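I opened this notebook to record what I looked up in one structure. The entries follow the order in which I took up each topic.

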Amino acid sequence: MTPRHAARALLGLGGMLLFAPGCLSGARNLGAATTPEGTTEVGVSLNALAFERGRERAYLPNPELTFRKGAGENWDWGGRLTLLGLELGTRHRLVERSPWTLSVAPSAGAWYVPVTNNSTEPVNFRLGAQTLLDYRINRTWTITGGASLMGAFAGPLTVFQGRFNGTHLLASPGGSLGVAFRLNPSLELRAEGGLELPLDLRDGRQPLTGHVGLTLRWGRTAAR
Amino acid sequence: MYAMSQSLPPDEARRVAQRRVASPRQTFPRSKGPLVAPAWALLLLALLTACPLAENYPDETGPRYSGDHRTPGAVAAEEPSPVTVVTFNLAFAENVSEAITALTRPPLAEADVIAMQEMDATSVDRIARELGLAYVYYPASVQVDGDDFGNALLSRWPITADRKINLPHDDPYHQQHRIAVVATLDIRGTPVQVVSVHNATPIVGLSGRLDQAETIIDAVDGTEPLQVIAGDFNTSDPGSLKQTVKLFSERGYQWASEGVGDTVDSVIGGLPLDSVFVRGLSAVDRGVDRRPAGSDHHPVWVRFAWPP
């Protein structure tokens, strides 16, 4: 590989990263256990996304920053920040029956994707919820299953001018499976993989998207 | 000989059509805090909505421009051997004189067919007149400077039929429309169908650009046994050229310009945007003329054995 080729590869990779379609990512990297009140958690995730590009499958890294803040005894709020998007939501613990925990996490997000593909347009909004079920194996290991249903709007920039030609409305059911390992009381490592099946309300089923990734999450309790 | 099926629309009218009313100036209090975020949001919204919408020509029948500047009887006695096809995106048709110089020197001189993109009617007519060619031109849209923006085919051989193909997937920023132009040439009694293509930029995803290529293939499929599809396929993003070639191969076309290399010099290096695909003809030589020709694109040429 010549220096010119290397530079081009680097620029190409940078460009692809810039255009990373975070809106395709269903990765939330969450467990069902809510963040305790007074505690703030921040995390960094590195996900690999699988999606259709052109007529072939493509894979992209998708780094994300996540945070959660305990807001009450059974709920917290937080979000994830991707390269060109932000998703915010809450998480509500519905059932706590050791070793099981069941939560629901509604969320809303907005993404800007410069380069479009399939049902992706520059302006992307997602609104929906994920149901999370934790099974604690012991003090350090937890398995999490998730099921989600997201509604999505994808449209060209001209939607801001009232022209909606080329917009897509999608419903995306999905599922995920994760495993968390508690390194110490304030540090957790989580691995998660998942799939989403976007259904375009006009054009029908779209190619499956998937994610797999690792999240390192650190929690800090505010001094009283 | 010269004939136009429609006179050139006045530039002034197009400028008026493009004019945008400036947003009234807004002032914000100097206080900071919670008001800062809404101010930034308003600025962002203003920037987003400032994207002007393209003025498109979606009508399949026109506008259409054609002319014939060939010397009567000039090619009637000739038997072409080989047939040379050139594709050239002339970057908003701004440097026509340089393009004419390039098209009159080897290896582009005496080309039998020239597929051009980003053209306006005046420039196409001037090139055809100076090179002694027949032509057909369809604009796809109007540029922000008021000039038309479209595809042309120029030929040493009679153009017996032509049409415009509307391509799907307008660009998501300005909703600019893209087209292909098809012409049937009569080369010594043998019909050859040639298409001048200008696909969308990578702003439209690869799926959209493959849809555009497939729309062209579907439109000409089965119409003539000899076909040349040439133009700017905008295959700059990784993997896009490979998938485009695969699509054409699956539909029975050969990549006649295979191996010519990059056709555009850009700040990130050379890019292989322009290609020639063919069905029923055999390429015997091909290349890119990288000398200055008045565009960021370099003309691509392919010579085909004749008779086929």
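**Entries on chain B**

I began with B:Val124, which, apart from neighbours within four places in sequence, is in contact with B:Tyr65, B:Met116, B:Met119, B:Tyr135, B:Tyr137 and B:Ala152. Contact requires C-beta atoms, placed from the backbone, within 7 Å.

I noted that the model is predicted, that local features need pLDDT of at least 70 and side-chain atom pairs pLDDT 80 or more, while totals for chains, interfaces and linings use all residues. Residues are numbered from 1 along each chain as its sequence is written, and chains are lettered from A and ligands numbered from 1 in the order in which they are written.

I next looked up the helices (DSSP runs of H or I, at least four residues; strands are runs of E, at least two). Helix α3 (residues 96-103) and helix α4 (residues 121-131) of chain B pack at about 35 degrees, with axes 10 Å apart. Axes are lines fitted to C-alpha atoms, for helices over the stretch in contact, and angles run from 0 to 180 degrees between N-to-C directions. In this contact α3(B) supplies B:Val96, B:Ala99, B:Ile100 and B:Leu103, and α4(B) supplies B:Ser123, B:Arg126, B:Ile127, B:Glu130 and B:Leu131.

I then turned to the open sheet of six strands in chain B, ordered β7-β8-β9-β10-β14-β11 with mixed pairing. Strands pair if DSSP finds at least two bridges between them. β7 (159-166) and β11 (254-255) of chain B each have a single partner strand, so one side of each lacks a neighbour in the sheet. Strands β9 (residues 190-198) and β10 (residues 227-232) of chain B run parallel, joined by six bridges. B:Val194 stands opposite B:Val228 in β10(B).

Definitions and conventions
Two residues are in contact if their C-beta atoms, placed from the backbone, lie within 7 Å.
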